[in-house]
Amino acid sequence: FPVEISAQYLAGMETVFAFVQDISERKRQEAEHDRLQAQLAQAQKMETVGRLAGGIAHDFNNLLAVMMLRTEMALQLTDLDTLLHRNLTEIYTTAQRSAELVRKLLGFARKQMVSPKVLNLNAAVESALPMLKNLLSEEIKLVWRPDGQLWPVKIDPTQIDQILVNLCVNARDAIQGVGVFMIETENIALADSIVAANGFTMPPGDYAMLTVSDTGSGIDKDLLAHIFEPFFTTKEIGKGTGLGLSVVDGIVQQNGGQVQVYSAPNMGTTFKVYLPRFVDLEDAAEEERPLPPPLQCEGETVLVVEDEAAVLQMTADALRYLGYQVITAVTPDEAIYQMENFAGTIDLLMTDIILPVMNGRELAERIMAIQPAIKILYVSGYPADFIAHRGMLEGGVHFLQKPFSLQKLASSLKEALAGTP
């Protein structure tokens, strides 16, 4: 054990007094301090990256919003069998894929609002396979074995991506050289006896099971109890955050499921993710129903406030296309001026949340002081948690995320004007 030795020579007595002190506890505390410092540095780095991603996503979503909405309006003015219509459709589809990519990236950083949807787990996994192949080395074979009759589940598709990416990265790091990374799905009916025998904390019932296995180095028995703890990692400094598996576990628990892990040294690792079967068929049919044509309005007047000129013009054109009367403003001061000097009644304020001088909430309060009955619709390309800290996502607030479709714009306006959630 580590010791600290202090000695003093007494010349007159020709003697040395030596004191030996066990400093094991001090060393342990120093090591714990260094570990916590490393965790703090990693957390601060991740926070910085998250903020950067949020800012980039805002600008990118503004660009996509212009592309998607203008293309959508142009599509409705062209004949289906023309080359122009096909070209516009391809542009719109590509912009949609770009928006989905931004959504996935923000989802990985946990910067995206969770939007559970009824989905087939097989389809969600298949859409992620190209991304997973890019994460794995060429020596690792990706095997996909879906259950053809899999039960539906209700979860945000981005969260499935998060689960798969985190497990894929762990498997890649655990496999030295040639190996196999396997993904399987299966229906599982858990009876009371099975739940009790396997230590499940979730209730008995029907579950869709996602199994992810690898032929890597495996995990020691002593470490298995800690792998879902935040910041716990066996990787070298700089090669792992210790957050991947805690994120996986948190997502699954949030959706009413559970993760079980089976592993041993040199025997690989298997994660079994149980997600509750979704049985509300009427709700599922509602989610799968195609969107109706854009909702026409009754000629209401909308004041649009947006500091990005291209987005402002695009939004104004879309609103006029839907039949609204439109007043535009680039700054909050201009919006207040328009409100005070408009001869008629303005039915709705549609404002970006992040604005110069004052934010959208503050502007709405100033506008409502002039006309208390006005309806408010907030718009933003920033991630959900970024604007939540500014009090924009409280109960009863109408919010529209950029980029949005013409149908989504129309329905959001209708809901805001009607005062329905």
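In what sense, parallel or antiparallel, do strand 7 and strand 9 pair, and over how many bridges? In this predicted model, the two strands run antiparallel and are linked by 8 bridges. They belong to an open sheet of 5 strands with mixed pairing, in the order 4-6-7-9-8. From one strand to the next, the twist averages 20°.

**The chain as a whole**

- The protein chain contains 13 helices and 14 strands.
- Of its 421 residues, 42% count as buried.
- Its accessible surface amounts to about 22,600 Å², and carbon and sulfur atoms contribute 55% of that area.
- Among contacts in the protein chain with a separation of 6 or more, 69% come from residues 24 or more positions apart.

**Pairing within the sheet**

- Strands of a sheet pair through backbone hydrogen bonds, in either a parallel or an antiparallel arrangement.
- Strand 4 and strand 6 (residues 179–190) run parallel and are joined by 6 bridges.
- Ile 140 stands opposite Gly 179, which is in strand 6.
- Ser 213 has Thr 270, in strand 9, as its bridge partner.
- Strand 8 and strand 9 run antiparallel, with 6 bridges joining them.
- Ser 263 has Thr 269, in strand 9, as its bridge partner.
- Strand 8 and strand 9 form a hairpin with 5 residues between them, and Asn 266 in the turn has a positive phi of about 65°.
- Strand 9 is mostly covered, as 6 of its 8 residues are buried.

- Helix 4 (residues 157–174) lies across strand 4, strand 6, strand 7 and strand 9.
- Relative to strand 7, helix 4 runs at about 30°.

**A nonpolar surface patch**

- Phe 1, Val 3, Ile 5 and Val 20 make a nonpolar surface patch of about 450 Å².
- Phe 1 lies in the segment before strand 1 (3–10).
- Phe 1 is exposed because its relative accessible area is 74%, and the cut-off for exposed is over 50%.

How values were computed. Residues numbered from 1 in each chain as written. Predicted model: local features only at pLDDT ≥ 70, side-chain atom pairs only at ≥ 80, totals over all residues. Heavy atoms only, no water. Patch = residues over 30% accessible without salt bridge, like charges linked within 9 Å, V, L, I, M, F, W, Y side chains within 5 Å. Areas by Shrake-Rupley, 256 points an atom, 1.4 Å probe, with all protein chains shown as cover. Salt bridge = Lys/Arg side-chain N within 4 Å of Asp/Glu carboxyl O. Helix = DSSP H or I, 4+ residues; strand = E, 2+ residues; numbered from the N terminus. Buried < 20%, exposed > 50% of the residue type's maximum accessible area, 1.4 Å probe, protein only. Pairing = 2+ DSSP bridges. Axes fitted to C-alpha atoms, helices over the stretch in contact; angles between N-to-C directions. Contact = heavy atoms within 4.5 Å.
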